[in-house]
Amino acid sequence: MSSVEEFRAEIRAWLAGHLVGEFAELRGRGGPGREHEAFEGRLTWERHMAAHGWTCVGWPVEHGGRGASLEQQIAFHEEYALADAPARVNHIGEQLLGPTLIAFGTEEQKERFLPPIVAVEELWCQGYSEPDAGSDLANVRTRGALSPDGSQWVVDGQKIWTSLAHEAQWCFVVARTEPGSRRHAGLSYLLVPLNQPGVEVRPIVQLTGTSEFNEVFFDGARADASHVVGEPGDGWRIAMATLGFERGVSTLGQQVGFRREWDALAALARKNGAIADLLIRDRLVQAWIDLEAMAASARRGVDPSVGKLHWAAWHRGLGELAMDVCGAASTVAAGEPYELDDWQRLFLFSRADTIYAGSDEIQKNIVAERLLGLPKEARV
């Protein structure tokens, strides 16, 4: 048995032996559009994983991980999804900030911040988008300035669409720290505590009636002067590296979830007779073909922007197909006052898939300019 097969068998057996008792009720809970589900239980579960060495598996051993190879990490995410294990609550710290600090952080930053991520003792959120700088990160206006004695960064501004900020203790914030700078220049990557005066988190109610996104207001918030990742003014490079980690191997586990959704929708179409509609049948087949192509592309290392365009359009289309399979019943809430079933929630939340994590328009510009070498879009 190869090391990858042994690793896969190990995590499969561990999940089978531990997703029992109180944790069995967490199967399938959480995820995009459902982050409100059993949050405390999922946090307890993830700390249980940490106690048994199953968090941050791809991190180097010296930083608390298992040093898993790329193939082993793929196996981990696939087996986790196949077990229908609950959605992770610590993914922003584990998959985004942690790898960023390992690559660019100081030794002091690694010693301070990596162990609590491994142990799931501190949760993180991502302070990128702003009201006038959604996917156009280079247009951020949140400001950071050193205090007169040079001991702290003073942060003022607003971030929006900040996932799980209402549950997090820390936020990594892209702020403009060089007055008069424009676009990519003069930005810094700051580590800002949220539990302090000068920080206000306001949940945003979504189409689903839930709130996993937030507005975050900084009004004289403070961060230690040493809590800048990389050099001051080098924030753009660090932020882009974080985005690269965001679209890594964990997306293969996401595709297992997509397959489960497709299987359930196909079963529903057979049960309610929608499969008799040739158009519905054709769309189901095409969705299956596209899902196979998506998985093949991910395994051969497709560019992250191409992958994002693919899965976002596919998932939004599956939500639309689900409404047609459900028929007229899809227009009626499951209960009062606004209780949605899984298909209605999928349809409504997947409208955001082509917007969050970099809108389609931004991703297409990246593909055109950076991959194909086409002339850059004219800017005013």
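Which residues are linked with Arg 8 in a network of salt bridges? In this predicted model, the network joins Arg 8 to Arg 12, Glu 78 and Glu 79. The legends below take up this and other close-up views.

Side chains of opposite charge can pair when their charged atoms come close. The structure as a whole holds 19 salt bridges, and one of them is formed by Arg 66 with Glu 10, where the closest N and O atoms are 3.5 Å apart. Arg 66 belongs to the loop between helix H2 (39–51) and helix H3 (70–82), while Glu 10 belongs to helix H1 (residues 3–18), so this pair ties together parts of the chain that are 56 residues apart in sequence. Both partners are partly exposed, Arg 66 with a relative accessibility of 30% and Glu 10 with a relative accessible area of 39%.

**View 1. The salt bridge of Glu 37 and Arg 34.**
The side chains of Glu 37 and Arg 34 meet in a salt bridge, with a distance of 3.0 Å from N to O. Glu 37 has a relative accessible area of 11% and is therefore buried, whereas Arg 34, at 22% relative accessibility, counts as partly exposed.

**View 2. The salt bridge of Arg 283 and Asp 324.**
Arg 283 and Asp 324 form a salt bridge in which the closest N and O atoms are 2.7 Å apart. The pair links distant parts of the chain, since Arg 283 lies in helix H8 (residues 278–299) and Asp 324 lies in helix H9, 41 residues apart. Arg 283 counts as partly exposed at 26% relative accessibility, and Asp 324 also counts as partly exposed, at 42%.

**View 3. The aromatic pair of Tyr 128 and Phe 172.**
A pair of aromatic rings is described by the distance of the centres and the angle of the planes. The count of aromatic pairs in this model comes to 19. In the pair formed by Tyr 128 and Phe 172, the ring centres are 6.0 Å apart and the planes stand at 85 degrees, so the arrangement is edge-to-face. Tyr 128 is in the loop between strand E1 (124–127) and strand E2 (143–146), and Phe 172 is in strand E4 (residues 170–176), so that the pair links distant parts of the chain, 44 residues apart. Tyr 128 is buried with a relative accessible area of 7%, and Phe 172 is buried with a value of 0%.

Phe 258 in helix H7 (residues 250–272) and Trp 311 in helix H9 (residues 304–326) are 53 residues apart, and their pairing links distant parts of the chain. Both Phe 258 and Trp 311 are buried. Lys 308 lies over the face of Trp 311, at 5.3 Å from the ring centre, and Lys 308 also lies over the face of Tyr 356, at 6.0 Å from that ring centre.

**View 4. An aromatic cluster.**
Ring pairs link seven side chains into a cluster, which is made up of Phe 7, Trp 14, Phe 23, Trp 45, Trp 54, Phe 76 and Tyr 80.

**View 5. The surroundings of Val 174.**
Val 174 lies in strand E4 and counts as buried, at 0% relative accessibility. When its neighbours within four places in sequence are left aside, the residues in contact with Val 174 include Gly 127, Tyr 128, Leu 137, Val 140, Leu 187, Tyr 189 and Ala 239. The C-alpha atoms of Val 174 and Thr 210, which are 36 residues apart along the chain, are separated by 27 Å.

**View 6. Ser 330 in a loop.**
Ser 330 is found in the loop between H9 and helix H10 (342–349), where Ser 330 is buried with a relative accessible area of 13%. Leaving aside the neighbours within four places in sequence, Ser 330 is in contact with Met 323 and Gln 344.

**View 7. A nonpolar patch on the surface.**
Val 306, Leu 371, Leu 372 and Leu 374 form a nonpolar patch on the surface, and together they have about 350 Å² of accessible area. Leu 374 has its place in the segment after helix H11 (360–371) and is partly exposed, with a relative accessible area of 45%.

How values were computed
Residues numbered from 1 in each chain as written. Predicted model: local features only at pLDDT ≥ 70, side-chain atom pairs only at ≥ 80, totals over all residues. Heavy atoms only, no water. Patch = residues over 30% accessible without salt bridge, like charges linked within 9 Å, V, L, I, M, F, W, Y side chains within 5 Å. Areas by Shrake-Rupley, 256 points an atom, 1.4 Å probe, with all protein chains shown as cover. Salt bridge = Lys/Arg side-chain N within 4 Å of Asp/Glu carboxyl O. Helix = DSSP H or I, 4+ residues; strand = E, 2+ residues; numbered from the N terminus. Buried < 20%, exposed > 50% of the residue type's maximum accessible area, 1.4 Å probe, protein only. Phe/Tyr/Trp six-rings, centres within 6.5 Å; stacked < 30°, edge-to-face > 60°. Lys NZ or Arg CZ within 6 Å of the ring centre and 35° of its normal. Contact = heavy atoms within 4.5 Å.
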